[in-house]
Amino acid sequence: MCHFTQRSSTFLFPKLCNIFWRIHHTSTSHLCSCSKIISDEKYQDPFQLGRKDLKNLYEDIKKELLISAAELKEMCDYYFDGKGKAFRPMIVVLMARACNIHHNNSKEVQASQRSVAIIAEMIHTASLVHDDVIDDANSRRGKRTLNQIWGERKAVLAGDFILSAASVALARIGNTTIISVLTQVIEDLVRGEFLQLGSKENENERFAHYLEKTFKKTASLIANSCKAVSILGCPDPKVHEIAYQYGKNVGIAFQLIDDVLDFTSCADHLGKPTAADLKLGLATGPVLFACRQFPEMNAMIMRRFSKPGDVERARKYVLQSDGVQQTTYLAQRYCHAATREIRKLRPSPEREALVHLTEMVLMRDK
């Protein structure tokens, strides 16, 4: 999978169709033979290691929001309730520590690096609010969405407000390079949403389109946040690239597994309806792989599963095919790429925690 490591400035897909065909024709019997990502070194729990730096995270986010309007405050507090796993901020603080240790053996997270973790969670949450409006979603994280409770217009404004507060916090860091890196995330989120609204007739282009959308909507935030804290903690451009590539690969793997869970997890456990992507007319990894065994799905993809019975038939085809297994295998490959990158840093508990985080991404069930 030599094409998984690209330059950080762009996300290119040279010969991506070759990757697609090679993975598709790999026997699923080989899936279990992949070497385990988890290392023989003492296990480092990412959540335990990151707990100190994430203490009072959501309280600090609420301080950034500085809301006077009661209804807007209630809307923002609804999602920043402290019940999430803070997956992205946790990656960011662990990367900050790993890079600091690599550079000068400092285990402390700088205030500016912790600010990046806060900003990343704010950007992520704002994107969820806007996504729910675009998708007309009814539930998120096991509860009703903002747009269902307060309406679409107010939900859009709440998302805008969170983004504006994140921008103010970003400006306060006072580093133009960091500002440039993190504003790229917002641009990618918008471009990714436009990519999701489109589709490709050519099957090979369709898979490249899917992976590019996945990077921009999900992985860019993790990749650029990791890069930002590496810049703040270490002057070496090679370390910045390591941090970026780790975040990119983990982010893509995370979304691939999310797309798998849309077919394999029950709605109550997942916190949102299953087959949600099909209902939105989206062809994700499991669908694109299943298409090779059931070519009749191509017509359904092009009409975005809009005819009666399309969603049910497509879900049936996916579960009858090896689409779920192949998408999981692809996620494994991205996680292996992330592991190879992070192991270039000096050994540390934080580095090992980031290695084990890739295993957690693959094993998660919601």
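1. Helices (H or I, at least four residues) and strands (E, at least two) are DSSP runs, numbered from the N terminus. By that rule, Asn56 sits in the loop between helix H2 (46–54) and H3. Asn56 is not a glycine, yet its phi is positive, at about 65°. With 43% relative accessibility, Asn56 counts as partly exposed; buried means under 20% relative accessible area, exposed over 50%, and partly exposed in between (1.4 Å probe, protein chains only).

2. On the source: this is a predicted model, in which local features need pLDDT of at least 70 and side-chain atom pairs count only at pLDDT 80 or more, while totals for chains, interfaces and linings use all residues. Residues are numbered from 1 along each chain as its sequence is written, and side-chain values use heavy atoms, with hydrogens and water left out.

3. The chain as a whole. The chain holds 18 helices and two strands. It has 366 residues, of which 57% count as buried. Taking contacts between residues at least 6 apart in sequence, 75% join residues at least 24 apart, where contact means heavy atoms within 4.5 Å.

4. Ala86, a residue other than glycine, has a positive phi near 55°. Ala86 is placed in the loop between helix H4 (70–79) and helix H5 (87–104). Is Ala86 buried or exposed? At 8% relative accessibility, Ala86 counts as buried.

5. Packing of H3 and H6. Helix H3 (residues 57–65) packs with helix H6 (residues 111–135) at an angle of about 75°, and their axes are 10 Å apart. That makes H3 roughly perpendicular to H6. From H3, the residues in the contact are Leu57, Tyr58, Asp60, Ile61, Glu64 and Leu65; from H6, they are Arg114, Ile118, Glu121 and Met122. Axes are lines fitted to C-alpha atoms, for helices over the stretch in contact, and angles run from 0 to 180 degrees between N-to-C directions. Angles under 35 degrees count as roughly parallel, over 145 as roughly antiparallel, 65 to 115 as roughly perpendicular and the rest as oblique.

6. Asn105 belongs to the loop between H5 and H6 and counts as exposed, at 52% relative accessibility. Which residues does Asn105 contact, leaving aside its neighbours within four places in sequence? They are Asn100 and Arg346. The C-alpha atoms of Asn105 and Ser348 are separated by 9.3 Å, although the two residues are 243 residues apart along the chain.

7. The structure holds 19 salt bridges, a salt bridge being a side-chain nitrogen of Lys or Arg within 4 Å of a carboxyl oxygen of Asp or Glu. One of them joins the side chains of Asp53 and Arg97 (2.9 Å, N to O). Asp53 lies in helix H2 and Arg97 in helix H5, so the pair ties together parts that are 44 residues apart in sequence. Asp53 is buried, with a relative accessible area of 9%, and Arg97 is buried at 10%.

8. Asp77 and Lys73 form a salt bridge, with their closest N and O atoms 2.8 Å apart. The two residues are four residues apart in helix H4, so about one helical turn separates Asp77 and Lys73. Asp77 is partly exposed, with a relative accessible area of 21%, and Lys73 is partly exposed at 40%.

9. Lys216 and Asp188 meet through their side chains in a salt bridge (3.6 Å, N to O). This pair links distant parts of the chain, 28 residues apart, with Lys216 in helix H10 (residues 203–233) and Asp188 in helix H9. Both Lys216 and Asp188 are buried. Elsewhere, salt bridges that share partners join Asp53, Arg97 and Glu350 into one network.

10. Nonpolar surface patch. Ile134, Val190, Phe194 and Leu197 form a nonpolar patch on the surface, with about 420 Å² of accessible area together. Patches are made of residues with over 30% relative accessible area and no salt bridge: like charges are joined within 9 Å, nonpolar side chains (Val, Leu, Ile, Met, Phe, Trp, Tyr) within 5 Å. Helix H9 (residues 176–197) gives the patch its largest share, three residues. Leu197 lies in H9 and is exposed, with a relative accessible area of 56%.

How values were computed. Areas by Shrake-Rupley, 256 points an atom, 1.4 Å probe, with all protein chains shown as cover.
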